[in-house]
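Colleague: I would like to learn how to read a model like this one. Could we take a few features in turn?

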Amino acid sequence: MTEVAEASSRRSAVSDKIVDVALVGNPNAGKTTVFNSLTGLRQKVSNYPGVTVEKITGFLEGKSGHEIRIHDLPGLYSLIPKSLDDKISSDIISGRSHQAGKPRLIVVVADASNLNRNLYLVTQVIELGVPVVLVLNMMDAAEAKGIKINIDALSKKLNASVVPMIANRGQGVERLKQEIIAHLEAPVGPHDGKGFPIAPVVSAAIEPVASWIRQNGSLQGPAIEYEAIRVVSSDHAVEGWQSLTNGHTKHDLEPLHASVQAARQGIKTEGLSWSMLETELRYKWVDEICREVVIEASSQRATFSEKIDKLLTHRIAGPAIFLMIFAFIFQSIFAWAEIPMQAIDGLVAWTGQHVAAWMPAWVLPDLKDLIVDGAIGGVGAILVFLPQILFLFFFLTLLEDTGYLARVAFIMDRFMRGTGLTGRSVIPLLSSFACAIPGIMATRTISNARNRLVTIMIAPLMSCSARLPVYALMIGAFIPNKSVLGIFTLPGLTLLGMYLLGILGAIGAATVFKWFINKSSRPSTFVMELPPYRLPSIKWTLLQVVERAKIFVTDAGKIILAISIILWFLAYYPRPQANIPSSQSIKQSYAGQLGQLIEPAIKPLGFDWKMGIGLITSFAAREVLVSTMATIYNVEGADQASESLRERMRKERDPVTGRLVYTPLVSLSLMVFFVFACQCMSTVAVVRRETNSWRWPMVMIVYMTILAYVSSLFVYQGGKLLGYG
Amino acid sequence: MIGLSQLKSGESATIQSVENDTPDVGQLLEMGLTPGTRVRLVKFAPLGDPLEVEVRGYHLSLRCAEAQSIRVTRDAS
């Protein structure tokens, strides 16, 4: 056996107590719902900063003390990788990966209402020779379409266990659990997965490739020939064998390339097309299976899904509805979240007071101040904006669940063409409105390397939810609450305006990057499944929202807490002598000194040194601006009872000129700065992971800072020229 | 024989051949657009591109330029 194969089997043997099961399937087949049903809350989601391989694992309790670890692998249509996500899934289940040992069992989830195409992957997986359980999910959707499937016949034809299921109703889940456990209890041996018959002439032609695979991979038995056919059919599959994760270099693959060329010649002389070899043979097999196993009542009536679709992708109604939906979401975020926000605001203040009162006398005044003002005050100012963030997460997740976001990509693709991207970028970019981090990770499905990079670089310009605290503070405090056209409000429109500005900036940036980044000569294609509309599961949506909220609060929260404390330190020390007014003391503190240092540079943008401090600290995380301002003004007004931050800022006056510091123009300028500036260490870390170098994160920081400065300058100076100063 | 993108909304056709000139012809084939398969052109996007087809019981969207490589003959209806 080769080194790769030995290492792989060694790893599988090591874990006696933990057994690995891989969960695969087409996208939109409900795989994640199956995963959630099997593992419940016993899940581990990769944390930010990003991981190189996005591993979602969960546990299922097995018999005799075994723990069954289930890997929810990214959805894919075929074992030939089109994108990084595909490659990860494909490598792991084919046993080519160093990242995980070969799974002992593969659970394939298929959409019963769409069985034909799903069987393409299913049959590929079965041929690998690893034990397989096939889950036939969405049986209700199949029934609604008038499709009946003979489960026993299918099971016999594939020589695999088949479990029918309606995952989002929980039906069939128990049976699946039992099947999994039963399979793992059975003795380990090669699975006699049945694949399509291979004609002797084909077999002969692919022999050189098969023998290379036999020597250099961990596949055994019939799986070798099927992999050989795959490799002969596609250069992507050949490339799949080249990767740092399995130790093969370009040099090692030369013999493979040579044998592939030879095989293709051989196929050609048989009068067959090598590029269609696998698809022709496989779909012939799939069609045969479906003919025997599926009874389809011909439905002439348009399904409910198709009726809705007609409206949502209508030439005029489609884009209009899309705009309305998103305008509604933004409006509701600002308006409806007000009540929970005030509640949290009050709660934080109450907590601060009670903690201060409760502290025993021996606690140093310094420490007391640190805890009440630095920690609670700082973090509290962020928690206040959590409702808005959760609302946004919720709506986006819900829309994704319904299948609507695929239609958005469909409608918007033509628009994206001008930027050189495809409609596929729309979903990662839309996700970036909640948080650029999952948005950037979602770019893995963009197979074109250049498009993926460009999407990553512009994703942070989609105003993420971390900017919401800044927008909300500025708008809430300084934009008058006037009504516009009777339906909208000036604050609501300003918020929408910030988002649109980010989009415009992104389009511009994408166009510029298109000229500079020429990573691949392959023009981008756009081939995308449009899943049937489904009623979203509120339960699973809430679960995902809670999961993301937890990650946001803990990760971003850690940074905020640390920076709040550092900041408190910078503002609190050096301790002033007695009898100096507090406005003087902050000027003398370390924080004040730093702010004054950069003041000349930011004065043209309308900012003063206190905002300067805010800009410095929020470089790590945008929402820190709010806690920074909270701390700055808290420290300053330490003699009086704490006011709400907004009131405090409204009253702030320039000590020299006596004029108000925060005019609507200044707050607009500050918001515009925040639209474009790169202010998230977590994003920088994820970009570094995803692009595997420091070059692109650095480019991102530089271009965004320049863009922010110039835009803010334009807004402020332009506004002054127009007389708004 | 015409290109797939030349069908009108609602028309059904059978794929005769798939030209090897697009960069990702393999992907089109894997998604089920193979010679001998029936397809139905569902609609075009609001801006005219991409188009949506129904094939093998599901809906797929692809750009008109890519769809040109898929040569079809209209079904008699």
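Colleague: Where does Ser9(B) lie?

Modeller: Ser9(B) is in the loop between strand S1 (2-3) and strand S2 (12-18) of chain B. Helices (H or I, at least four residues) and strands (E, at least two) are DSSP runs, numbered from the N terminus. This is a predicted model: local features need pLDDT of at least 70, side-chain atom pairs count only at pLDDT 80 or more, and totals for chains, interfaces and linings use all residues; side-chain values use heavy atoms, with hydrogens and water left out. Residues are numbered from 1 along each chain as its sequence is written, while chains are lettered from A and ligands numbered from 1 in the order in which they are written.

Colleague: Is Ser9(B) buried, exposed or partly exposed?

Modeller: Buried means under 20% relative accessible area, exposed over 50%, and partly exposed in between (1.4 Å probe, protein chains only). Ser9(B) counts as partly exposed because its relative accessibility is 48%.

Colleague: Which residues is Ser9(B) in contact with, leaving aside its neighbours within four places in sequence?

Modeller: Contact means heavy atoms within 4.5 Å. By that rule Ser9(B) touches Leu41(B), Val42(B), Lys43(B) and Phe44(B), its neighbours within four places in sequence being left aside. Ser9(B) and Lys43(B) are 34 residues apart along the chain, and their C-alpha atoms are separated by 5.0 Å.

Colleague: How do I read backbone angles?

Modeller: Most residues other than glycine have a negative phi, and most peptide bonds are trans. Here Asp49(B) and Pro50(B) are joined by a cis peptide bond, with omega about 0°. Pro50(B) is in the loop between strand S3 (38-44) and S4 of chain B. Arg56(B), not a glycine, has a positive phi of about 45°. Arg56(B) sits in the loop between S4 and S5 of chain B, and it counts as buried because its relative accessible area is 13%.

Colleague: Which strands pair with S5(B)?

Modeller: Two strands pair if DSSP finds at least two bridges between them. Strand S4 (residues 51-55) of chain B pairs with S5(B) in the antiparallel sense over 5 bridges, and Glu52(B) stands opposite Ser61(B). From chain A, strand S12 (residues 527-530) pairs with S5(B), also antiparallel, over 4 bridges. There Val527(A) has Leu62(B) as its bridge partner.

Colleague: What covers the two faces of a strand?

Modeller: In a regular strand the side chains alternate between the two faces of the sheet. In S5(B), Tyr58(B), Leu60(B) and Leu62(B) are on one side, His59(B) and Ser61(B) on the other, and all are buried.

Colleague: How many residues does H32(A) have, and what span should they give?

Modeller: The expected span of a helix is 1.5 Å times one less than its number of residues. H32(A) has 27 residues and should span 39 Å, and its end C-alpha atoms are 39 Å apart, which agrees. Ser712(A) is in this helix, residues 695-721 of chain A, and counts as buried because its relative accessibility is 0%. Beyond its neighbours within four places in sequence, Ser712(A) is in contact with Leu605(A), Phe607(A), Ser669(A), Val672(A) and Phe673(A). Just after H32(A), Gly723(A) takes a positive phi of about 95°.

Colleague: And an exposed case?

Modeller: Leu485(A) is exposed because its relative accessible area is 74%. Leu485(A) lies in the loop between strand S10 (483-484) and strand S11 (488-489) of chain A, and its phi is near 60°, a positive value in a residue other than glycine.
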